[in-house]
Amino acid sequence: DGSEVPGDLCPENDRCERVPQMVMITFDDAINNNNIDLYKEIFNKQRRNPNGCDIKATFFVSHKYTNYSAVEDMHRLGHEIAAHSITHNDDETFWTEASVEDWAKEMAGSRLIIEKFGNITDNSVVGTRAPYLRVGGNRQFKMMEEQSFLYDSSITAALRNPPLWPYTMYFKMPHRCHGNLQNCPTRSHAVWEIVMNELDRREDPTIDEELAGCAMVDSCSNILNGDQFYNFLTHNFYRHFDQNRAPLGLFYHAAWLKNNPEYLDAFLYWVDEVLEQHPEVYFVTMTQVIQWIQNPVSTDSAKNF
């Protein structure tokens with residue numbers, strides 16, 4: 001249910017040396033000429049996981065302004081494409097109140113468009129993220145069940161130690177519904193939730209006062225330069241790595257990295273450093289995280305996973 005480490009690699013949820021540390025990079029919204037170069041720079045075929053595969057990310061694609069041949073390229077390179085709606089309706093209450101049918105049109109409709117115009121024929125579009133992270137409660141999850149989506153990644157968990165592993169919606173959520181006006185599901189649904197663990201954005205975690213966490217990296221508004229961002233990434237990485245190795249989610253909008261080259265430099269420096277120093281770290285897609293949870297293997301066997 002998100003509070004225990006999958007498998008028996010890590011009794012009592014500590015001393016998790018045998019658990020691979022997975023990192024989930026995601027980007028939301030359109031893929032187009034504004035960000036294709038950025039993605040080429042990050043996923044440059046030189047950055048490799050310990051098993052020799054290129055690092056991977058998950059892209060929650062909304063329809064407007066998306067270049068579907070670019071979507072096809074990202075999918076061909078092994079990244080995961082997921083649904084982020086057709087309209088990305090600006091009225092945030094629309095999502096909170098949307099009917100099962102509204103959700104189906106937006107998300108299953110988005111999947112149809114992606115599959116058709118992005119030429120994705122392997123049934124790999126299985127995830128959703130609600131626009132503005134406006135969770136649609138039981139109606140959203142009922143739609144996901146009916147439309148055979150595998151997971152959602154829109155629910156935020158307040159900053160906590162240790163962070164949460166992804167969980168299924170069969171049971172009660174292992175944390176309270178976080179965020180103002182959020183409409184979390186209350187019934188049981190056969191859908192995974194890749195929960196968005198808030199990140200700790202305190203400058204000096206040892207002495208700083210309580211500061212609310214942030215789920216999307218670009219909403220951590222107190223990050224002002226590359227050095228701060230590097231420290232932020234390092235601190236949050238070890239919050240996961242040294243505790244229960246719950247997958248670390250780094251959720252971006254491309255413009256934030258694109259418009260702030262020093263953040264991008266800090267991010268890439270951090271990625272390269274982690275890959276170099278930690279043979280147990282894998283940058284993977286969200287579906288890969290679920291596949292690992294369903295069949296946990298130790299860091300030693302992960303190389304062939």
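Glu262 is found in helix H8 (helices are DSSP runs of H or I with at least four residues, strands runs of E with at least two, numbered from the N terminus). The model is predicted, with local features needing pLDDT of at least 70 and side-chain atom pairs pLDDT 80 or more, whereas totals for chains, interfaces and linings use all residues. Residues are numbered from 1 along each chain as its sequence is written, and side-chain values use heavy atoms, without hydrogens and water.

Glu262 is partly exposed at 44% relative accessible area (buried is under 20%, exposed over 50%, partly exposed in between; 1.4 Å probe, protein chains only). Together with Asp37, Glu41, Asp227 and Asp265, Glu262 forms a negative surface patch (residues with over 30% relative accessible area and no salt bridge, like charges being joined within 9 Å). Helices H1 (36-42) and H8 (261-277) each supply at least two residues of this patch.

Eight salt bridges are found in the whole structure (a side-chain nitrogen of Lys or Arg within 4 Å of a carboxyl oxygen of Asp or Glu). One of them joins Arg129 to Asp28, with the closest N and O atoms 2.9 Å apart. Arg129 lies in the loop between strand E4 (127-128) and helix H5 (137-146), and Asp28 in strand E1, 101 residues apart. Both are buried, Arg129 at 0% and Asp28 at 4% relative accessibility. Asp73 and Arg76 also form a salt bridge (3.0 Å, N to O); Arg76 is exposed at 60%.

In helix H9 (residues 286-294), the buried residues include Trp292 and Ile293.

Terms used. Patch = residues over 30% accessible without salt bridge, like charges linked within 9 Å, V, L, I, M, F, W, Y side chains within 5 Å. Areas by Shrake-Rupley, 256 points an atom, 1.4 Å probe, with all protein chains shown as cover. Lys, Arg positive; Asp, Glu negative; His and termini not counted. Charge placed at Lys NZ, Arg CZ, Asp CG, Glu CD.
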